[in-house]
Amino acid sequence: MREFYSQVNRKIYYIAMLLNIILMISGLILSTTELNGIDFGYIVHFLCVMFLSVCLWIYPKYETHTFRKIIILFGFAYFYTLFFLYPQTWTTYILICLIPALSILFFDLKLFYFSFIINGILMVITFSYVIFIDKGKLYTYLHHDILGNIINIIAVQALLFFIFHLSFKRMKKQQLYYEQLQQSERLKMVGQLTAAVAHEIRNPITVVRGFLQLFKEDDSFDDSKKSKFNLMIDELNTVEQIISQFLTLSKPNGDQRLEKVDVKDVLQSVTGLLHSYAMLSDNQIDIKVEEDCYISINKIEFKQLLINVIKNALEASDVGKSVSVIANRNNNFIEIMITDEGSGMSEAEVKSLGTPFYSLKSNGTGLGLMICFNIVEKYGGEIYYNSSKGKGTTVTIRFLSESGGIYTD
Ligand code: ADP
Ligand code: MG
C-alpha cells in the first residue's frame, strides 16, 4: 500500500486536507453567529475541529491502523456534534449518513466495518431520539416522513457498502499486479547481474583448474600433495556447477536433465555434507526417511534446494538444538518436512521469503530461498513455511511421486 502514497499522491492528500480544514474552520467561524457566542456546544465543536485537523494533517507520518481508528472516531464526534448542535441545518444529516465513506480514504477493510457498525448503532439512537424525545420539535424534516428517511438512510449505507467493496477489490488487484511487476523486475535484474558476475568468475577458475591439473601430472610433487590437488579440482568443479545453476536462473528455458531420484539417498548425502557445518554450533540433524521414495527431478538442483533449506534451519537454531528431516509418501506425493526449534518468523517475515536479497542475517545473501522457490516451481512442486516467532519453523516440500524407470529429458 505504501507505494501508492507516492510524492504526487501525498501532494494531492495535503491539498484535499487543507481544503477540508479550511471548510471546517469556516463552519466554526460561521457558527458563532448561530450559537450566540461561545457556549459549551461551541467549545465541543471547536475541539473536534482542532483535533480532527491535526490528526488529518499528521496522518501520513503515522499510517497505522490505530491512528486511522482515532481519526474515524474524531470524525464521528465531529459530525454528530454538528448534527445535534445545529438542528436547523438539515445538511448535517447527509454528513452523518456518509461517515463510513471516511474509511474509503484509508482503504482499510476492518476500519470500514468498524465505522459501518458504529454508525448503524448511532443512527438507531439518533432516530429513537427524534421519534421519542424530540418528536419533531427541532428535527421537523426528519420526523415529517420518518419511514422514508429510515429507508433512505439504509439505501445510502448499502450504496456505500457496494462502492467500498468494488473499489477495494479493484485496488487490491492493482496492488497485487504492481507487486508482481516489481518482483519480476527485481528477478530480471538479479538474473542479469548473476549472469555477468558468474561469467567473470568462470574464467579465473578455468585458469586455476588448468594449473592444478598440470601440477597433478607433475612428478616433482609427491602423492600426498597430488591427492590434495585432486581435492582442489573437485571443489572447483562444485563451484563451476553452482555458477552454472546461477546462470540457468537468467535463462529460464535451459535444458535440465531429469532423473529418477531416490530421496533417501539424496537426503543422506546432503545431511552428511552438512554434518560438520552443524557440529560448529553443536547442532544435530535427525533424519527419518521412508524407503522407496522417488521423484523426478534434476539431482543437483534437488540437492541445492535441500542444502539451502536445511542450512537455514541450522542457522536459525540455538546451540545444541537439533533439526529434524522427515520424508514420507503421502498419496501420490513425496513430502519432506524440515523442522527446527529456532528463532522462527513473524507472518510478515514469512511473506517476504523468496524476495531477492531479503535476509535478516548479517552475512546472508538473501538469494538462497529465491533459488529454492525457483527450483520447486520449475518441477511443479510446492513449498510451505509454517513458522511461529520464538518457537521454530517447519518447511514442507512436496513433489509428485515417481515410480517409472530412469529417463532423461
Ligand atoms: P540467507 O540465508 O542468505 O539470509 P535465504 O534466502 O536463505 O537467505 O533466507 C532468507 C531469510 O529467511 C533468512 O535471512 C532468515 O531470516 C529467514 N529464514 C529462512 N529460513 C528460516 C528458518 N528456518 N528459521 C528462521 N528464519 C528463516
Ligand atoms: Mg540461506
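Guide: A residue counts as near a molecule or strand if one of its heavy atoms lies within 4 Å of it. This is a predicted model, in which local features need pLDDT of at least 70, side-chain atom pairs count only at pLDDT 80 or more, totals for chains, interfaces and linings use all residues, and side-chain values use heavy atoms, without hydrogens and water. Residues are numbered from 1 along each chain as its sequence is written, while chains are lettered from A and ligands numbered from 1 in the order written.

Visitor: How many residues surround ligand 1, and which are the closest?

Guide: Ligand 1 is surrounded by 18 residues, and Asn312, Ser359, Lys361, Thr365 and Leu369 are the closest. A polar contact is a pair of N or O atoms within 3.5 Å (within protein, one must be able to donate a hydrogen and the other to accept it, and residues adjacent in sequence count only if both atoms are side-chain atoms). Asparagine 312 has a polar side-chain atom 2.8 Å from an oxygen atom of ligand 1; for lysine 361, the distance from such an atom to an oxygen atom of the ligand is 2.7 Å. Glycine 368 takes part through a backbone N or O atom, 3.5 Å from an oxygen atom of ligand 1.

Visitor: Into which domains is the chain divided?

Guide: An automatic or database assignment sets the bounds: domain 1 (2-144), domain 2 (182-247) and domain 3 (259-400). The C-alpha centres of domain 2 and domain 3 are 25 Å apart.

Visitor: How much area do domain 2 and domain 3 bury between them?

Guide: The size of an interface is often given as the accessible area lost when the parts come together. With a 1.4 Å probe and the loss summed over both parts, domain 2 and domain 3 bury about 790 Å², 72% of it on carbon and sulfur atoms. Eight residues of domain 2 are in contact (heavy atoms within 4.5 Å) with ten of domain 3.

Visitor: How many salt bridges does the structure hold?

Guide: Side chains of opposite charge can pair when their charged atoms come close. The rule asks for a side-chain nitrogen of Lys or Arg within 4 Å of a carboxyl oxygen of Asp or Glu, and the structure holds 13 such bridges. One of them joins glutamate 240 and arginine 209 (3.6 Å, N to O). Glutamate 240 lies in helix α8 and arginine 209 in helix α7, so this pair ties together parts 31 residues apart in sequence. Helices here are DSSP runs (H or I, at least four residues), numbered from the N terminus. Across the interface of domain 2 and domain 3, the rule finds zero salt bridges.

Definitions and conventions. Buried area is the accessible area (1.4 Å probe) that two parts lose on being put together, summed over both. Helices (H or I, at least four residues) and strands (E, at least two) are DSSP runs, numbered from the N terminus.
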